[in-house]
Amino acid sequence: MIEYSDFEKVEIRVGTVIEAKFNNKSNKPSITLIIDFGEGIGHKKTSAQLTQHYNPDELIEKQVAAVTNFPPKQIGKMISEVLVLGFPDEENNPILIMPSKKVKNGGKLF
């Protein structure tokens with residue numbers, strides 16, 4: 001078990017995908033995303049293995065949830081600045097967590 005204070009340390013925020021393209025430099029099929037988290041956080045880049053359920057074009061303007069306070073991580077030949085969040089389907093492929101209504105970029109999950 002963890003304490004509620006541990007959960008509060010994780011910055012899970014919402015942002016809008018402003019750019020998405022296939023990541024051809026990755027060992028596994030993935031999509032590079034640039035996400036706008038609004039004032040204070042700004043634009044962040046990441047790569048995620050989303051190609052089973054998503055095409056880059058359909059992700060533009062979608063809002064997604066991501067952890068924004070992990071340190072940057074090397075993913076293949078790029079540095080990932082955030083971790084987008086999802087749940088696994090039957091084959092363990094990610095289904096992104098997206099709000100059902102538009103919310104302000106940068107909003108923190110509570």
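Phe7 is found in helix α1, where helices (H or I, at least four residues) and strands (E, at least two) are DSSP runs numbered from the N terminus. This is a predicted model, in which local features need pLDDT of at least 70 and side-chain atom pairs count only at pLDDT 80 or more, whereas totals for chains, interfaces and linings use all residues. Residues are numbered from 1 along each chain as its sequence is written, and side-chain values use heavy atoms, with hydrogens and water left out.

- Phe7 is partly exposed, at a relative accessible area of 30%, on a scale where buried means under 20%, exposed over 50% and partly exposed in between (1.4 Å probe, protein chains only).
- Rings of Phe, Tyr and Trp (its six-membered ring) are taken to pair if their centres lie within 6.5 Å, with planes under 30 degrees apart counted as stacked, over 60 as edge-to-face and the rest as tilted; by this rule the count comes to 1 aromatic pair.
- That pair is formed by Tyr4 and Phe7, and it is tilted, with 5.8 Å from centre to centre and 45° between the planes.
- Because Tyr4 and Phe7 are 3 residues apart in helix α1 (residues 4-9), about one helical turn separates them.
- Tyr4 counts as exposed, with 54% relative accessibility.
- Together with Ile2 and Leu109, the residues Tyr4 and Phe7 form a nonpolar patch on the surface, with about 430 Å² of accessible area together.
- Patches are made of residues with over 30% relative accessible area and no salt bridge, like charges being joined within 9 Å and nonpolar side chains (Val, Leu, Ile, Met, Phe, Trp, Tyr) within 5 Å; a salt bridge is a side-chain nitrogen of Lys or Arg within 4 Å of a carboxyl oxygen of Asp or Glu.
- Accessible areas come from the Shrake-Rupley method with a 1.4 Å probe, and for residues only the protein chains shown count as cover.

**The sheet**

- An open sheet of 5 strands runs in the order β3-β2-β1-β4-β7 with antiparallel pairing, two strands being paired if DSSP finds at least two bridges between them.
- The edges are taken by β3 (43-48) and β7 (83-84), each of which has a single partner strand, so one side of each is left without a neighbour in the sheet.
- Within this order, strand β1 (residues 12-23) pairs with strand β4 (residues 63-67) in the antiparallel sense over 5 bridges, and Gly15 stands opposite Val64 in β4.
- Gly15 also lies 8.8 Å from Val103, C-alpha to C-alpha, although the two are 88 residues apart in sequence.
- Val103 is found in the segment after β9 and counts as partly exposed, at 39% relative accessibility.

**The nonpolar core**

- A nonpolar core is a set of buried Ala, Val, Leu, Ile, Met, Phe, Trp, Tyr and Cys residues joined through side-chain atoms within 4.5 Å; of the 15 residues in the largest one, Leu33, Ile35, Leu50, Leu59 and Val84 touch the most other members.
- Two or more residues of this core come from each of β1, β2 (30-36) and β4, and β2 gives the most, with 3 residues.

**Positive phi in loops**

- Most residues other than glycine have a negative phi.
- Glu61, although not a glycine, has a positive phi of about 75°; Glu61 sits in the loop between α2 (56-59) and β4 and is exposed, with a relative accessible area of 56%.
- Asn92, which is not a glycine, has a positive phi of about 70°; Asn92 lies in the loop between β8 (86-88) and β9 (94-96) and counts as exposed, at 61% relative accessibility.
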